[in-house]
Amino acid sequence: MKKYLRIILEVLLAMLLVGAAAMAYWNYAGKKHISYELAEVTEQVDEAKEALEKAEEEMKELKENIEKLETSVRQIDSLKAAFANGIVLQDVETSYKGQKTLSAERQVGIAALRLLTNGVNDPETVAAFQKSLEMSEWGKNLQTVCAAQNALAAAGQKVQVLSDCKTPEKDQHGGKEKSAKNAHDVHWGYEGDNGPEHWGASFPICGKGKKQSPLNIVGPFEKSKDVLSLSYKEGPLKILNNGHTIQVNVEPGSKLTIGKEEFDLLQFHFHRPSEEQVDGKNAAMVAHFVHKSKEGKLSVIGVLLNEGKDSAAIKTLWANLPPKEGEEYLPAKVAFNPGTMLPKDLGFYNYEGSLTTPPCTEGVNFYILKTPVDISKAQLAKFPFKMNARPVQNLNGRKISAG
Ligand SMILES: [Zn+2]
């Protein structure tokens with residue numbers, strides 16, 4: 001019995017010892033933990049303090065900026081208010097009223113003024129502004145870009161001015177005669193120093209692009225799944241000689257549908273001879289119908305014109321050729337339906353290409369119609385441009401499909 005008692009006592013003692021040890025450890029560990037946490041919290045408080053100081057500084061800066069912004073907003077508001085009464089717009093509209101034709105720049109200007117006066121919430125005003133921008137030529141857009149770049153550079157801003165935009169005064173190689181020539185917008189053409197082989201110097205994609213137009217269309221062709229459907233509408237004839245071609249600008253409402261995608265017809269224009277070749281042969285001319293989707297995608301339908309019978313559509317167009325270069329001409333009471341230019345059969349060759357004029361932007365989908373239409377010899381002779389076709393470009397592995 002005594003023996004058992006001793007064992008029990010020893011076990012109890014051992015348990016007490018273990019318990020005490022455990023308690024001591026827990027106590028120790030706990031304290032340590034707390035001191036860690038304390039250190040951490042102190043650090044966090046310091047950080048928070050720093051962050052607060054920083055935030056205060058930023059707030060101060062922000063406040064200053066907001067004050068500056070408020071001043072400019074007030075300035076813009078007063079500007080808006082000045083336009084909102086409509087007097088400026090009225091004055092400009094009255095001064096333009098007597099003119100039969102308005103240059104693309106003037107149309108952009110007046111459209112911008114309408115935008116300032118009527119605000120961006122008026123969809124008609126916004127549509128008119130977009131339309132006027134689309135109508136202005138690439139070459140003239142470049143002039144606008146140049147003017148902006150040169151103005152910024154003159155104001156001491158770090159701006160890389162396009163080589164094509166260098167002002168004649170700064171061009172050390174350009175003599176006075178050359179300056180005069182530059183001022184008259186001779187950026188590109190189809191012959192000599194301005195010819196297609198030199199476009200790449202000012203418009204890099206024209207020289208380096210790998211998906212350029214036009215192409216020589218030669219089989220074998222892949223089968224295209226695209227189905228073209230056209231709904232062109234009659235509208236007032238608006239015709240322009242932009243110095244490179246005769247172009248007909250089209251009012252909104254004429255549409256091309258490819259599958260589920262919808263494109264608006266913006267304009268159509270001519271090249272002599274046709275830019276595209278079929279089996280290595282050019283047609284006498286081609287008409288390019290330029291369409292744009294809401295997302296900005298471009299699709300061009302090409303209609304080849306071969307020498308043959310008189311074309312009634314061409315007769316109307318050539319009878320109303322603009323009297324002056326560079327200004328859109330609106331002959332009174334002449335309506336035109338672009339659909340009258342097209343063959344009945346819309347079978348096509350399709351490939352991905354580019355604009356065939358500078359800046360040669362790629363991502364343009366071409367549908368060259370297989371069926372050509374007629375134009376008479378006399379009508380061919382009346383087209384004011386002897387040669388305005390870019391030569392065919394390298395295929396570079398592109399596939400041509402047929403549909
Ligand atoms: Zn074209």
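In this predicted model, 23% of the 403 residues of the protein count as buried. The secondary structure comprises 10 helices and 17 strands, and, among contacts with a separation of 6 or more, 65% are made by residues 24 or more positions apart. The mean pLDDT of the protein is 82, with 72% of its residues reaching 70 or more. Over residues 168-186, however, the pLDDT is below 50, and beyond near neighbours in sequence this stretch has 10 contacts in the model. Where pLDDT is low, the predicted coordinates should not be read in detail.

The largest nonpolar core contains 47 residues, of which Met 285, Val 286, Ala 287, Phe 289, Ile 301, Val 303 and Leu 305 touch the most other members. For Leu 305, once residues up to four places away in sequence are set aside, the contacts are with Ala 283, Ala 284, Met 285, Val 286, Ala 287, Pro 372, Val 373 and Ile 375.

Strand β11 spans residues 285-293, and because seven of its nine residues are buried, this strand is largely enclosed by the rest of the structure. Strand β11 is joined by eight bridges to strand β8 (residues 261-271), the two running antiparallel, and by eight bridges to strand β12 (residues 298-307), again in an antiparallel arrangement. Phe 289 of β11 takes part in both pairings: Phe 289 is the bridge partner of Phe 268, and the bridge partner of Phe 289 in β12 is Ile 301. Both Phe 289 and Ile 301 are also listed among the core residues that touch the most other members. Strands β11 and β12 form a hairpin with four residues between the strands, in which Gly 296 adopts a positive phi near 95 degrees.

A further group of three strands forms an open sheet, in the order β1-β9-β10 and with mixed pairing. The edge strands of this sheet are β1 (216-217) and β10 (281-282), each of which pairs on one side only.

Conventions:
Residues are numbered from 1 along each chain as its sequence is written. This is a predicted model: local features need pLDDT of at least 70, side-chain atom pairs count only at pLDDT 80 or more; totals for chains, interfaces and linings use all residues. A nonpolar core is a set of buried Ala, Val, Leu, Ile, Met, Phe, Trp, Tyr and Cys residues joined through C-beta atoms within 7 Å. A residue is buried if 20 or more other C-beta atoms lie within 10 Å of its own, exposed if 12 or fewer, and partly exposed in between; C-beta atoms are placed from the backbone. Two residues are in contact if their C-beta atoms, placed from the backbone, lie within 7 Å. Two strands pair if DSSP finds at least two bridges between them. pLDDT is the predictor's confidence in each residue, from 0 to 100.
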